[in-house]
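Subject: Model for you to look at

Hello,

Here is the model I said I would pass on. My notes follow below it.

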Amino acid sequence: MSGSNCILVTGGTGFIGSNFVLDWMGAGPTTSGKPTSDTGIINLDLLTYAGNPANLAAIEGRPGYTLVHGDICDATLVAETLDRYQPKAIVHFAAESHVDRSIVGPEAFLKTNIDGTFTLLNAARSYYERLTGEKKENFRFLHVSTDEVYGTLGPHDPAFHEKTPYAPNSPYAASKASSDHLVRAWVHTYKLPCIITNCSNNYGPFQFPEKLIPLMITHALNGKPLPVYGDGQQIRDWLYVSDHASALVAVLERGRIGETYNVGGGNQRSNLAVVETICALLDELRPDSKFAPHSQLITYVKDRPGHDRRYAIDARKIESELGWTASESFETGLRKTVEWYLANPGWIENVTSGAYQQWVQKNYGDRTGIAP
Ligand code: NAD
């Protein structure tokens, strides 16, 4: 795609990015099929283990969608991509995102989440300074971040709000907090028109089965133990991924420059309760499974070091200011999610066997850059 009727998305092949891109183009698995926008998408993605091209199979080859295979840490490529496609906005998802991986190997998190965000901000600044007129006025850099930057809550603490002090506890959270601070500095120092969102835990289709919900579903389907950390009483505030995507669209369209918006669905659940609900749904949807009742597979394992006890989001700012609300309750969203995994055994097999990585290697190898 050439011309400038597009936005640049980074990390658009990952879990949230692919749901955002599919919803944007009217091809989401659980949405109406009505596109959010007729603006095209350029997706800059390194296709790491978390970037599975199968997530975007529904739009592959469609006019209006272009993949640029590459690293957000590659300053030359980022600058070339901006110059070539002249996007109206940037939505920055690309990150290393799994807390457990950040504990055993924090380096990649510092590189992509901090250096990568810095590289993108620098290139965006140079691009923005050369824009003129309406395009300059309307340009936005939307930084997609997490509630984990706020640290952990006690059982009776009020939910995180936009003024809650940062207190990240894991290498992942610290790297995302650093990236948030960089974005804030680029707004204040260089007047780059950025907005930050801090969202709670997402779930839904296309989530890599290392994260709690898809891990439990895929293990349960195969009769494998369902590993619950510690006492399973850690609380997360769950949001269905399409609701996150619609919040990002609202922020992109109506959010105020330099502001932060917390995004959440008001669904606090303990990890154990989530796993038990998944088991109950599988018992209902797969009554003949030889593994039913699936709750017999629950196994308690040693807790994650530094495991945050509770997250909860106060989303009143985005709700009152931008008129956004989550449309999916946890019960309906989780049912849709379990049904999606049951209906897509090929996707699970492709991911768990690593076949998608062989495909990426064969089709892209180490070649990065804009296709000629
Ligand atoms: P993910 O791990 O599923 O996907 C990350 C994507 O980024 C992949 O497509 C990967 O290939 C790409 N990527 C990684 N390193 C890259 C690099 N150096 N250059 C270019 N692309 C690269 O992540 P996700 O769960 O979809 O999360 C997306 C964003 O949302 C992240 O910034 C994350 O911090 C944030 N977030 C996630 C959650 C959640 O519950 N998953 C909640 C709140 C915020």
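Which strands does helix 6 lie across? Helix 6 (residues 171-190) lies across strand 5 and strand 6 (194-199), and runs at about 155 degrees to strand 5. Helices (H or I, at least four residues) and strands (E, at least two) are DSSP runs, numbered from the N terminus. Axes are lines fitted to C-alpha atoms, for helices over the stretch in contact, and angles run from 0 to 180 degrees between N-to-C directions.

Two points on the source. This is a predicted model, in which local features need pLDDT of at least 70 and side-chain atom pairs count only at pLDDT 80 or more, while totals for chains, interfaces and linings use all residues. Residue numbers start from 1 along each chain as its sequence is written.

Seven strands make an open sheet with parallel pairing, in the order 3-2-1-4-5-6-11. Two strands pair if DSSP finds at least two bridges between them. Strand 3 (65-69) and strand 11 (260-263) are the edge strands, each pairing on one side only. From one strand to the next the twist averages 20 degrees. Strand 4 (residues 89-92) and strand 5 run parallel and are joined by four bridges; His92 stands opposite His143 in strand 5.

Helix packing

Helix 2 (residues 75-85) lies across strand 1 (6-10), strand 2 (40-45) and strand 3, at about 160 degrees to strand 1. Helix 2 also packs with helix 4 at an angle of about 35 degrees, their axes being 9 Å apart. That contact (C-beta atoms, placed from the backbone, within 7 Å) joins Ala75, Val78, Ala79 and Leu82 of helix 2 to residues of helix 4 including Leu120, Ala123 and Tyr127.

Helix 1 and helix 8 (residues 241-254) pack at about 65 degrees, with axes 9 Å apart. Helix 1 is therefore roughly perpendicular to helix 8 (the term covers 65 to 115 degrees). Ile16, Asn19, Phe20 and Asp23 of helix 1 meet Val241, Ser242, His244, Ala245 and Leu248 of helix 8.

The ligand

The ligand is surrounded by 30 residues, the closest being Gly11, Gly14, Ala50, Gly51 and Ala95.

Regards

How values were computed
Near = placed C-beta within 6 Å. Parallel < 35°, antiparallel > 145°, perpendicular 65-115°, else oblique. Contact = placed C-beta atoms within 7 Å.
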